[in-house]
Amino acid sequence: MALYLGVMSGTSLDGLDIALIEQAPAIRLIATHYTPMPELLRAELLGLCASGPDEIARSAIAQQNWVKLAAQGINTLLAQQNLTPYDIRAIGSHGQTIRHEPARGFTVQIGNPALLTELTNITVVSDFRSRDVAAGGQGAPLVPAFHEALFEERIGNRAVLNIGGFSNLSLIEPGKPVAGFDCGPGNVLLDAWIHHQRGENYDRNGEWAASGKVEPTLLKALLSDPFFMTKGPKSTGREVFNLPWLKQHLVQLPAFAAEDVQATLLELTAQTIIESLQSAQNDTQEVLVCGGGAHNSTLMNRLASLLPKAKVSSTSEYGVDPDWVEAMAFAWLAHCCLEGIAANRPSVTGARGLRVLGAIYPA
């Protein structure tokens, strides 16, 4: 039995997801652990997504604190499962993205894998995106190959939609290489706006968005961003879509009620996902949704209404908890690295070819 751990903290920065998987004979989720992100660390990591004073020292300290949090969660999970470090072949640690600019040839995830190895006594595989970027790729999304492996027995044209801070699609069709790309904002603007207006970290079930109405002029302005005009391979992040980006549009338009802005942001997320899907895949029969957005019933209902000929459902309908798919993916990526299996997909990222992803820090 080959056991791997995956550690993931996404753009929402709400906490660390830790997934324990069995790799053989099939990918199976065994156990999970969630560690909330302390508010001070969250604020510091958010601050590092933009230029600021003393960035190098601040990022070094922040990643030490991130790793200590990850190690604490890993050790807790192992104790709960009566496992020792020797039972785990490797940890796949994504770290925390603070910059992602593949057009300029770089992507930065902090997470001090050397320290994580020291604190857990488990081999760590990290830095999964850099090799793809070095090969001319976007370095993102990396999950389509995992989605293909996880749902390979499903038949027909289908899409796996991850809605985290940003949304990305994996397009799976019989006889074709998996395709995929980032669609644009997922929860990032919804979370930022509700936090700015109401001090809440997210809009539960999309209830606040549901209380407002879509403002067509604002939606048109937001959709005019050049990112939405490009085709894949493409990826994006907080460097493009953030609260200042939203505010620069708002100041150029009449004042809107705060809940109407939220409703418009939800419509932006839904429309950009569906337009991206329809431009890249014909006759989609099924959309499997994972990530935090799978719990936003207002968003899920809107996606279903925009795509009436396809079934839109959470991955939970197929026995895969939507909250843990990405953490599982990085555990699987660690397995691929140790086995010398290429885990990027040039059809997704635009890299010059298949590459083995990750850097290994032996226990």
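Some ground rules before the details. The model is predicted, so local features need pLDDT of at least 70 and side-chain atom pairs count only at pLDDT 80 or more, while totals for chains, interfaces and linings use all residues. Residues are numbered from 1 along each chain as its sequence is written, and side-chain values use heavy atoms, with hydrogens and water left out.

I will start with the strands. Helices (H or I, at least four residues) and strands (E, at least two) are DSSP runs, numbered from the N terminus. Two strands pair if DSSP finds at least two bridges between them. Strand β2, residues 15–22, and strand β3, residues 28–36, run antiparallel and are joined by eight bridges. To find one of these bridges on the screen, go to L16, whose partner in β3 is T35.

The hairpin of β5 and β6 has four residues between the strands, and in it G105 takes a positive phi near 85°.

How much of β5 is covered? Strand β5, residues 96–101, has five of its six residues buried. Buried means under 20% relative accessible area, exposed means over 50%, and partly exposed is in between, using a 1.4 Å probe and protein chains only. V108, in strand β6 (residues 106–110), is partly exposed because its relative accessible area is 28%. For a sense of distance, the C-alpha atoms of V108 and A255 are separated by 37 Å, and the two residues are 147 apart along the chain.

Next, charges. Side chains of opposite charge can pair when their charged atoms come close. The rule used here for a salt bridge is a side-chain nitrogen of Lys or Arg within 4 Å of a carboxyl oxygen of Asp or Glu. How many salt bridges does a search of the whole structure find? The search gives 12.

One of them is between R345 and E148, whose closest N and O atoms are 4.0 Å apart. This pair links distant parts of the chain, with R345 in the loop between α12 (325–339) and α13 (346–349), and E148 in helix α5 (residues 144–150), 197 residues away. Both ends are partly exposed: R345 has a relative accessible area of 22%, and E148 has 24%.

Another is between R302 and E267, at 2.8 Å from N to O. R302 lies in helix α11 (residues 297–306) and E267 in helix α10 (residues 258–280), so the bridge ties together parts that are 35 residues apart in sequence. R302 counts as partly exposed at 28%, whereas E267 is buried at 7%.

E317 and K311 also meet in a salt bridge, at 3.1 Å from N to O, and K311 is partly exposed at 40%. Salt bridges that share partners join K213, E215 and D260 into one network.

Now the cysteines. A disulfide is a pair of cysteine sulfur atoms within 2.5 Å, and by this rule the count is zero.

On a 1 Å grid over the protein atoms alone, a cavity is a set of points where a 1.4 Å probe fits but cannot get out, a pocket is an open set with protein on both sides within 12 Å along at least five of seven lines, and lining residues have an atom within 4 Å of a point. Grid points are joined across faces, edges and corners, and a volume is the space filled by probe spheres set on the points.

The search finds one cavity of 30 Å³ or more. Its lining is L161, I273, I274, V287, L303, L307 and V312.

The second largest pocket holds about 380 Å³ of space. Of its 17 lining residues, L46, A192, R238, N242 and L243 lie nearest the centre. Helix α6 gives the most to this lining, with five residues.
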